[in-house]
Amino acid sequence: MVRPIILSVDDQDEIREGLLRDLESFESYFDLYDCESAADARLVLDEAEDHGVPVALIISDHVMPEETGVQFLTRLLEENRFLDTKKLLLTGLATHSDTIKAINEAKIDNYVAKPWDHLGLQTIVSTLITHFIFDTDLDYRQFGDLIDMRVVLDRSR
Amino acid sequence: MRPSLEQVIKHFFQSEERTLRLKGGDVLFLQGDTNDRLYYVVEGQLSATKEGGEDHMGYLLIQTGDFTGMHSFLAPSEGAAVTIVADTNTTLIHATATELSSRPEYTLEEVLIPIFANVMESRQKSIYKLMAREGQEKLSLEGKKKMDLLGQFSGGVAHELNNAIAVLEQGARWFPSPLSELVRKHDPLLYEVFRDGLNQRRLSSKELRDRAKEISEAHGLERNLARKCSHARLSDEMIKSLGHERLQDAYDIFEIGSVMNNMAIASEQAAAVVESMRNLGADNTGKGIEVKLDETIQRALTILRNITFGVDVIYESPERDVVIMGNKGEFVQVWTNLIRNGCDAMRSEKNPNPRIEVTLEMTSNGVKATISDNGPGIPEHAFRKIFQPNYSTKKTGLQFGLGIGLPIVKRIIESYGGSITVSNGGNLGGAVFEILLPFIGD
């Protein structure tokens, strides 16, 4: 059975590891990856593409050296890649105009402020991956209790 | 023909018999006195004060080269408008209207015109001086008020945060030692992993991922578990010795060590920030400990290791200890602020090769430290304001400054009798902060 990827991008080691610890329950059906920069994230994405592994969700920080989260996600969109992949911006500092850009240009699916509430984040991740499963015609019954049943009810109508 | 001022002085204010010598405190004339003389100050200084009425605070200095007595000379029936007292030993020469019209080539009016011009000019000058001084006093008073308010505010916040941070800091500090004892007794292998977590060496996410792949292939582990083994820096032997069922435990125990270490560093930083906020409100006490400045720079670099990640930090510890009597936390705060500012500035400019250099050296009577970077430098218009509270350059884009960093730095440095200056250029081409600290007792 295919194991989709959940990818965390953040330049701070502690934040990445803390996030993955909070998402440990998703390990039963997903492979968790973490990258310290947009450039490194692209290596993971390229490899996933080469092997035909679906990327369900990218959780990206915004404020990073070299390339910001919004720039990174916008570029992916411009390259017409990973269009089904859900995008979540997890950030401590972003201005009003950054936020507008994130929604309009990077087309993010959700926005969570640091420090995050881990239960709230787990719910959001569950919702997003369920949408991804439906969007890519995967069988939601193969993902056990990680699925957001509200999304299932909504989308099975 | 009208005479020049020099000619007036030469012709009418040279007479020895009309010379008056006053000692400091002597009264020339009192307000209301009749006066029919014009006085020229050959040397010395007098003050004119006016009492009563709305402008009883009026105060005017009369100095060498000035004329006085103008008002009562012109309107003798009204009496003197002010009281004039000598401030120091003063020599004056006086002349009456009769004496001033004693020369046939000039009329009285012609003689008076250059004197009037001189009086007007000198009064105007002293008014401007007074206004400038008042303006400056007002400015510095406003600055002080701002600082006091900020001090009161931050002192209040610091007080509220202090107890909470103390609990966290002490906890984070105490936890590792009893826990590592427990783990050691329980499982010597996991103890090793725990120690690694406490003192983890940094690896890039790419390195960790490559290692995870290696582990996954060599030990037949699924990807998530392999990632955890790699993250916990487990060697192949360690993975074999632990056995598959204990790998998750190993990751957890590594993470506990690592998180505790992060918490200790973070709470130390929070404590330092709170401490400096409190210092903003009051003069600091407790500067009596020998502080090795090299240690405080190392500490600041540790605290900032995430912020300086990707930045080429150039710092060489001095060969001899550079020691100053002071408060360790304050110096850590100074370096932290300045290095962080440099990194933020370079980051916001998307500098591809950010570099920051810290130097520390002993001078003949103190210590000189510099923090320079290859960022954009300080904009011209910001030089004057950069150490003022509420001023921040980080208003656009992603970064917000509290606008209290540099004022804190300045206050700390000045509390040691030192100075901080900023310029652009230096070896790296960006901003250069130079700090001079005298050895206490010098």
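**Folds and contacts**

Modeller: From the N terminus on, chain A runs β-α-β-α-β-α-β-α-β-α-α, which comes to six helices and five strands. Those are DSSP runs numbered from the N terminus: helices are H or I with at least four residues, strands E with at least two. Mind that this is a predicted model, where local features need pLDDT of at least 70, side-chain atom pairs count only at pLDDT 80 or more, and totals for chains, interfaces and linings use all residues. Residues are numbered from 1 along each chain as its sequence is written, with chains lettered from A and ligands numbered from 1 in the order written.

Colleague: How many residues does each chain put into the contact between A and B?

Modeller: Chain B gives 17 residues and chain A gives 19. Two residues are in contact if their C-beta atoms, placed from the backbone, lie within 7 Å.

Colleague: Which element gives the most on the chain B side?

Modeller: H8(B), with four residues.

Colleague: Switching topic: why is helix H13 of chain B largely enclosed?

Modeller: Eight of the eleven residues in H13(B), residues 405-415, are buried, so the rest of the structure largely encloses that helix. Buried means 20 or more other C-beta atoms within 10 Å of a residue's own, with C-beta atoms placed from the backbone.

Colleague: Which ones are buried?

Modeller: Among them are B:Leu406, B:Pro407, B:Ile408 and B:Arg411. After H13(B) comes B:Gly417, with a positive phi near 75 degrees.

Colleague: And what share of chain A is buried?

Modeller: 41% of its 157 residues.

Technical notes:
Buried ≥ 20, exposed ≤ 12 C-beta atoms within 10 Å, placed from the backbone.
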